[in-house]
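Welcome! Take a moment to look over the sequence and turn the model around, and then we will walk through it together.

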Number of protein chains: 2
Amino acid sequence: MRGLVSLVGAGPGDPELLTLRAARRLEQAEVVLHDALVAREVLALARNARLVDVGKRAGRASPMQESISRQLVDYARGGARVVRLKGGDPFVLGRGGEELLALSSAGIPWEVVPGISSATGLPALSGIPLTYRGMSSAFLVVSGHSKRTYGPVLGGLPPRSATVVILMGLARREEIAAYLIERGWSPRTPCALLLRGSTPAGSKETATLADWTEASIAPPGPGTLIIGDVVALTRFFVQNELIPTAEEKGVAS
Amino acid sequence: MRGLVSLVGAGPGDPELLTLRAARRLEQAEVVLHDALVAREVLALARNARLVDVGKRAGRASPMQESISRQLVDYARGGARVVRLKGGDPFVLGRGGEELLALSSAGIPWEVVPGISSATGLPALSGIPLTYRGMSSAFLVVSGHSKRTYGPVLGGLPPRSATVVILMGLARREEIAAYLIERGWSPRTPCALLLRGSTPAGSKETATLADWTEASIAPPGPGTLIIGDVVALTRFFVQNELIPTAEEKGVAS
């Protein structure tokens, strides 16, 4: 539809984890404004579109949010089919709300196409159930960007009352682990560090909060942190055979 | 792949919100064991499969979890391509972990295909950003099934420190609202009730915690509750034009 802006979640990286609607919006798009971290394989689906890299993901480097909103409005007013493509889900620490506000103020019609957030998608791919009957009936997703973002909620959360998922907190896991232990969480609480999203190079490292307080250099790139007893379950989940991703990818493309 | 069990998230109801991988797994499936609440339009994608309804969604009625796990193992041992299809995401209050444990113990290979959970997908479709810079840097997803599930975490969560998303809590919203107010949350905290998933009949009702304490009869069917200041933002988001879902659906199928 002309002049409509679709705010689309790109999911955690693997193009197969786009929704059917997201894939179709990309195919139809004439202009795609995307975060720097959106995978090349996902952008490749936007065959007929002009691709505009609008910078780093929310919370990283300088996203120039106002400039992005202005570009969205300008392209839509020009009558283009515009997709604003954001890693994960547009509303999970993605600043989608700020862009909707700009579009609404300018009288531009919009829709939101939800995506698989790294917060839920990566644990699923890694065999870590965020909830487990009798063990965890809740999970919290929080930005680890600074103590200002995670402090208020982690400071009062009763230990073990929820699985904690931290996005954009890779560089601060030492500080966050120490903060939780200080607040009464057991140093032996199981943790996992999920790196490189849903790509074939994705990895899972399990540890404890105590281990993390001694973590030194953060690996490069985005990472997802999971804290809670459910992490310990993964040792019982034996993925007896690898999924033939190469073959599967051939079918998908 | 024969003998592999794919634990697949069906998303919030609209078949267009399946991932590309989920849609493909359904097309290839020979047996699909699904929750009663999975939408008919989603099941229709499993063209060549025997459909087995294994009962209500986790947390509702009697799911007979052991029987489900046994059936999964039996079908997989028989060499079938098996999909276990669960509403939303398999690991978000979906008991996917229990099924993985059964499969692992039986030596059956498995994979998890994440899905869009109602917890994040319905707010996105309804224009409610779960996080918003300067307003909320975190959200909590919790089962409202009983005070045993929501009490431990909501009892200690500092008021306004996170957006709260409650699944399976429709019948208890009066009780939950009273509990939060008792714990220091403002009676004027904005809330939303999202009904009937992502179907065309989906609806959003906004209110306050105080309104909910007087809520009487729960509407039938599943519902998602959202509590937090971000709900008040939706009044500024004007969706200037409706998306032509009918036409879109024609393209999709």
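**A walk through the sheet**

In S4(B), Lys86(B) is the bridge partner of Gly9(B). Here helices (H or I, at least four residues) and strands (E, at least two) are DSSP runs, numbered from the N terminus, and two strands pair if DSSP finds at least two bridges between them.

Before going on, a few ground rules. This is a predicted model, in which local features need pLDDT of at least 70, side-chain atom pairs count only at pLDDT 80 or more, and totals for chains, interfaces and linings use all residues. Residues are numbered from 1 along each chain as its sequence is written, chains are lettered from A and ligands numbered from 1 in the order in which they are written, and side-chain values use heavy atoms, leaving out hydrogens and water.

Strands S1(B) and S4(B) run parallel and are joined by five bridges. On S5(B), strand S1 (residues 5-9) of chain B has another parallel partner, over four bridges. There, Ser6(B) has Glu111(B) as its bridge partner, and Val8(B) has Val113(B).

Now step back to the whole sheet. In chain B, five strands form an open sheet with parallel pairing, in the order S3-S2-S4-S1-S5. At its edges lie strand S3 (50-53) and strand S5 (110-113) of chain B, each pairing on one side only. Neighbouring strands are turned by 20° against each other on average, direction ignored. Helix H1 (residues 20-28) of chain B packs on this sheet, touching S1, strand S2 (31-34), strand S4 (82-86) and S5 of chain B; contact means heavy atoms within 4.5 Å. The direction of H1 makes about 130° with that of S5(B), where axes are lines fitted to C-alpha atoms, for helices over the stretch in contact, and angles run from 0 to 180 degrees between N-to-C directions.

How many residues of S1(B) are buried? Five of the five are, so S1(B) is largely enclosed by the rest of the structure. Buried means under 20% relative accessible area (1.4 Å probe, protein chains only). Val5(B), Leu7(B) and Gly9(B) cover one side, and Ser6(B) and Val8(B) the other.

Finally, the two chains. A rotation of 180° with 0.0 Å of shift along its axis superposes chain A on chain B (RMSD 0.0 Å), which is the relation of a two-fold axis. The superposition is by least squares on the C-alpha atoms of residues with pLDDT of at least 70 in both copies. Of the interface residues of chain A, 100% are also interface residues in chain B, so the copies meet through the same surface.

Conventions:
Buried < 20%, exposed > 50% of the residue type's maximum accessible area, 1.4 Å probe, protein only.
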